[in-house]
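Reader: I am new to this structure. Could you pick one part of it, look at that part closely, and show me how it sits in the rest?

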Amino acid sequence: MLSLPLPVTAADAFGAAAFAGSCLWPLMKKRRALLAGQAATNLMFIIHYVLLGAHTAAALCLLVVTQALVAMPEGRNRWQTAAFAATVPAIAAIAVFTWSGLPSALSSLGITFSTLARWQSDAVRMRLLLLVAGAFWISHNAVVMSPFAMASDLFSAAANLLRLRGERRKTAPAAAATANANAAPKGLAAA
């Protein structure tokens, strides 16, 4: 019996490209590299979601690109703050105008937490909030049946957890040394 390969759709191709980007950006060590990777990956996800008919997610991914680019500079000035802040009510507006029930709710919650993450100046706080956002996106992607996006979110979560573990290992010896230095010397009792 002759078996033919499954056809690859355009949605699959863009989903695979987005998945590849998702495998790379969480491994970046610096905040700016994390943001650049998120922006590039989300450009692929926009097309992927449009082709799947997940219009809320596609529009929200455009906000992700905007947020990532605005959050890139280390210093924050008024125009950056205003541009980033403008994306917050845009989340609600997009959800209202593209509402499709549960997928819209899940993707809107996902981007709300990732919005908080992208505005963090600390990479550890950023990663923690991205983990919360990821839980909503995984649920969304299961509902819209996007195995590439689900795999992407699972990989991103695993990579962020590994990086957080590495950060914890780096800070644990320093915290222990500080605690030991602050402790009273052995043998001295309080009078």
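Author: From the N terminus on, the elements of the protein chain run α-α-α-α-α-α-α. That comes to seven helices and zero strands, where helices (H or I, at least four residues) and strands (E, at least two) are DSSP runs, numbered from the N terminus. The model is predicted, so local features need pLDDT of at least 70 and side-chain atom pairs pLDDT 80 or more, while totals for chains, interfaces and linings use all residues. Residues are numbered from 1 along each chain as its sequence is written, and side-chain values use heavy atoms, with hydrogens and water left out.

The accessible surface of the protein chain is about 10800 Å², by the Shrake-Rupley method with a 1.4 Å probe. Carbon and sulfur atoms hold 72% of that surface. Among contacts (heavy atoms within 4.5 Å) between residues at least 6 apart in sequence, 70% join residues at least 24 apart.

The part to look at is helix α6, residues 123-143. With 21 residues at 1.5 Å a residue, α6 should span 30 Å, and its end C-alpha atoms are 30 Å apart, which agrees. The expected span is 1.5 Å times one less than the number of residues.

At the start of α6, a side-chain oxygen of Asp122 comes to within 3.2 Å of the backbone nitrogen of Val124. Such a pair is a polar contact: N or O atoms within 3.5 Å, where within protein one must be able to donate a hydrogen and the other to accept it, and residues adjacent in sequence count only if both atoms are side-chain atoms.

Along α6, the buried residues are Met126, Arg127, Leu130, Ala133, Gly134, Trp137, His140 and Asn141. An α-helix has 3.6 residues a turn, so residues three or four places apart point the same way.

Phe136 is also found in α6, but is partly exposed, with a relative accessible area of 23%. Setting aside residues up to four places away in sequence, Phe136 touches Leu106, Leu109, Gly110 and Phe113. Phe113 is 23 residues from Phe136 along the chain, and their C-alpha atoms are separated by 9.0 Å.

Helix α5 covers residues 102-118, and Thr115 has its place there. Thr115 is buried at a relative accessible area of 5%. Beyond its neighbours within four places in sequence, Thr115 is in contact with Gln67, Phe84, Val88 and Ile91. Gln67 is also touched by Thr87, together with Leu63 and Thr66, when residues up to four places away in sequence are not counted. Thr87 lies in helix α4 (residues 78-97) and is buried, with a relative accessible area of 4%. A polar atom of the Thr87 side chain lies 2.5 Å from the backbone oxygen of Phe84.

At the other end, the chain leaves α6 for α7 (147-182), and Met145 lies in the loop between them. Most residues other than glycine have a negative phi. Met145 counts as exposed at 67% relative accessibility.

Phe148, within α7 (147-182), has a C-alpha atom separated by 9.3 Å from that of Ala20, 128 residues apart along the chain. Ala20 has its place in helix α1 (residues 10-24) and counts as partly exposed, at 40% relative accessibility.

The UniProt annotation "transmembrane region", from an unreviewed entry, covers residues 6-28, 49-70, 82-102 and 123-139. Its positions are given in the numbering used here, feature names are shortened, and annotations may be inferred rather than shown by experiment. In the model, residues 123-139 are 100% helix and 0% strand, with end C-alpha atoms 24 Å apart. Residues 49-70 are 91% helix and 0% strand, and there the end C-alpha atoms lie 23 Å apart.

Cys23 is buried at a relative accessible area of 16%, and Cys61 counts as buried at 3%. The count of disulfides is zero, a disulfide being a pair of cysteine sulfur atoms within 2.5 Å.

How values were computed:
Buried means under 20% relative accessible area, exposed over 50%, partly exposed in between (1.4 Å probe, protein chains only).
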